[in-house]
Structures are given as C-alpha cells and as structure tokens.
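Dear colleague,

Please find below the structure that I am handing over to you. My notes on its nonpolar core and its aromatic pairs follow.

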Amino acid sequence: PDIEQLMTVVDWTTLMFFIALFMVVGAIQEVGLIDVIAMGIGQFVGDRPFVALVVIVWVSALGSGLVENIPFAAAMLPVVRYLARAIPGANAATMFYGLSIGAGMGGNSSLIGSSPNLVTAGIAERAGFPIRFIDFLVVGLPATVITVALGLLWLLVHF
C-alpha cells in the first residue's frame, strides 16, 4: 500500500483525542486523584457491599459518558480494587463486573463516551453527515439509563 495515501485517510482528530485522553488519565493517576476518589467512595459506601456495587455501576456509567470508556475503566480499576479489599464481604468479581457494565454501557450515552461512537462520527463527518453531540445525547442517554439499570439488575440477581 501507498503510505502517503494511507496517511490521508487516517482520522487524525480522533487519534489525537485518544492520545490526549490517555495522557490526562495517566496524569490524574500519577498525581493521586484516583486514590482520593477511591477513599471518598469508600467513605460514602462504608461497609455496605450492595451500596458499593450500585455506586460503582452508576459512577462508571456517568463517567464513561463524560470521558471515553476505555481510559475511564482503566482509571477506575484501582478504585474498584480498593473497594473490594476495604469493604467486608465484598465480592471482587462482582465489583469488577459492575465496573464493566457501567463503563461499557455508559459509554453509549454520549458521542465521546465510546471509541466506536467517535470513529463513526469522524467517518460520518467526512462523508458530509455530521453527528452533533446533543443529537446523539438525546438518543444515547435514555438508552444508557435503561441498559445500565438492566445490567445492574442482572448483577444483583446473578451475584
């Protein structure tokens, strides 16, 4: 393949967005903000594993709608690990499933919440069909609330 021709079809805006996003997430981990978040959630949920699971799912869903879900989930791993160890009776597997459900489905709420959303928006814009953030949010947010609630219900029944 012709490298110069391939470089013209790369979606540079999306690629730079991901690079910057991973840098920001790495920076907040490095300065200790993730530890502060973990301790804050730990104080809020206390010794209640059920409450911790609900908080993990919904914080992950909300956060993944605001920040792309892959780096958000990676940043939340130490938080979930901390909560699974700190809360008596907490099942670590259940907590990590909660993170997975919240982050995975939460990313569908906004245009910037999921990699496929961003890539598709870039391709659609180049084809002359831009997808506006608010238009995506109007459809994505209600669908996310429903799917995250169903995912949480599945977790509560299954575990």
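In these notes, buried means under 20% relative accessible area, exposed means over 50%, and partly exposed lies in between (1.4 Å probe, protein chains only). By that scale Phe-159 is partly exposed, with a relative accessible area of 41%.

This is a predicted model, in which local features need pLDDT of at least 70 and side-chain atom pairs count only at pLDDT 80 or more, while totals for chains, interfaces and linings use all residues. Residues are numbered from 1 along each chain as its sequence is written, and side-chain values use heavy atoms, with hydrogens and water left out.

Aromatic pairs

Rings of Phe, Tyr and Trp (its six-membered ring) pair if their centres lie within 6.5 Å; planes under 30 degrees apart count as stacked, over 60 as edge-to-face and the rest as tilted. The count by this rule is four aromatic pairs. One of them, tilted, joins Tyr-97 and Phe-159, at 5.3 Å centre to centre and 35° between the planes. Trp-154 and Phe-159 form an edge-to-face pair, with 6.1 Å between centres and 90° between the planes. Tyr-97, Trp-154 and Phe-159 make up one aromatic cluster. Tyr-97 is partly exposed at 41% relative accessibility, and Trp-154 is partly exposed at 42%.

Nonpolar core

A nonpolar core is a set of buried Ala, Val, Leu, Ile, Met, Phe, Trp, Tyr and Cys residues joined through side-chain atoms within 4.5 Å. The largest one has 28 residues, of which Val-45, Val-79, Leu-83 and Met-95 touch the most other members.

Yours sincerely
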